[in-house]
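Have the viewer open while you read.

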Amino acid sequence: MSAVDPIVIVDNISKTFHAGGRSHRALDGISTTINRGEVLVVIGPSGSGKSTFLRTLNALETIDSGSIIIDGVSLTAKKTNVDQLRTEVGMVFQHFNLFQHKSVLDNIILPQKVVRRRSEAEATKVAQDLLEKVGIPQLADRYPSQLSGGQQQRVAIARSLAMNPKIMLFDEATSALDPETVEGVLELMGQLAAEGMTMAVVTHEMQFARKVGDRILFMDNGKVVEERKPNDFFDNPQSDRAKLFLEQIL
Ligand SMILES: Nc1ncnc2c1ncn2[C@@H]1O[C@H](COP(=O)(O)OP(=O)(O)OP(=O)(O)O)[C@@H](O)[C@H]1O
């Protein structure tokens, strides 16, 4: 990891939602960078814009103004192939979004064949190796409905990793899990971070944020209120908003 090797550069992005005749500025001039191998943890109160911010990084949300550059490619430039770029930015959601009628192995094989044009044999080998990596090789032939939430999330992570993403986004990846499976998935995320995966993580798991995060981005009302090293942020929050937030949740 190096301070001079940014893989994600977010410059002054804004986004307003219009719904039911009302407008809401969900992102209000966000700027940040994520360096290669770094883990950025995004925290903040409900509705502060965390998910919206994360979703802009793989163009699931468009932005109204500002720019986002991923590994030298502008997400917003007209000539950019957004579909291509999106395959390089893995995303893991709260709900696992697996193909229900495919086996675990096929869930990981299919996108490789479609998106990466890998052969059946190659895609199968990658999928088997990844199931090993995420700790569930014995579940290859099961269907998603036969798995616990934690196991399904491991499949979703393996499926993302199979694309060889340059960066992984985790949007409340453990929020829908039973308490007993949360820890295992957080450990897996920590393992990926330790192996050098660049990650942006929206989470309510503050111990994870402190332990695994390289930097905390604290958002409120669509703005970055604090952006600091985890220990500095948690031990000595600067803003009244962050102090209040931490008092309420810790
Ligand atoms: N598709 C949408 N249409 C209209 N408003 C939206 C849409 N998506 C998000 N918003 C609004 O934008 C704001 C930010 O939402 P966002 O989901 O990014 O917040 P969040 O910080 O991730 O919240 P939470 O922690 O509750 O998930 C909220 O006020 C939300 O209601």
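In what sense do strands β4 and β5 pair, and over how many bridges? Strand β4, residues 65–70, pairs with β5 in the antiparallel sense, over 2 bridges. If you want to find the spot, look for I70, whose bridge partner in β5 is V73. Keep in mind throughout that this is a predicted model.

**The two sheets**

That pair belongs to an open sheet of 4 strands, ordered β2-β1-β4-β5, with antiparallel pairing. The edges are taken by β2 and β5 (73–74); each has a single partner strand, so one side of each is left without a neighbour in the sheet.

There's also an open sheet of 6 strands, and here the pairing is mixed, with the order β6-β7-β8-β3-β9-β10. Its edge strands are β6 (89–92) and β10 (223–228), each with a single partner strand, so one side of each has no neighbour in the sheet. At the β10 end, β9 (residues 215–220) and β10 pair in the antiparallel sense over 5 bridges, and M219 has V224 as its bridge partner in β10. Helix α5, residues 149–161, packs on this sheet and touches β6 and β7 (167–171). The direction of α5 makes about 175° with that of β6.

| Strand pair | Sense | Bridges | Bridge partners |
|---|---|---|---|
| β4 and β5 | antiparallel | 2 bridges | I70 and V73 |
| β9 and β10 | antiparallel | 5 bridges | M219 and V224 |

**Around the ligand**

Which elements each supply at least two residues of the shell around the ligand? They are β1 (6–19), β2 (22–35) and α1 (50–56), with α1 giving the largest share, 3 residues. The residues surrounding the ligand include F17, A19, H24 and A26, and also G44, S46, G47, S48, G49, K50, S51 and T52. Sorted by class, the shell has 8 polar, 3 nonpolar and 1 charged residues.

**The whole chain**

Stepping back, the protein chain has 9 helices and 10 strands. Its C-alpha atoms fill a box of roughly 55 × 45 × 45 Å along the principal axes.

As for annotation, an unreviewed UniProt entry lists "domain: ABC transporter" for residues 8–246. Over residues 8–246 the chain is 37% helix and 27% strand, with the end C-alpha atoms 27 Å apart.

Methods: Residues are numbered from 1 along each chain as its sequence is written. This is a predicted model: local features need pLDDT of at least 70, side-chain atom pairs count only at pLDDT 80 or more; totals for chains, interfaces and linings use all residues. A residue is near a molecule or strand if its C-beta atom, placed from the backbone, lies within 6 Å of it. Ala, Val, Leu, Ile, Met, Phe, Trp, Tyr, Cys and Pro count as nonpolar, Asp, Glu, Lys and Arg as charged, and the others, Gly among them, as polar. UniProt positions are given in the numbering used here, feature names are shortened, and annotations may be inferred rather than shown by experiment. Two strands pair if DSSP finds at least two bridges between them. Two residues are in contact if their C-beta atoms, placed from the backbone, lie within 7 Å. Axes are lines fitted to C-alpha atoms, for helices over the stretch in contact, and angles run from 0 to 180 degrees between N-to-C directions.
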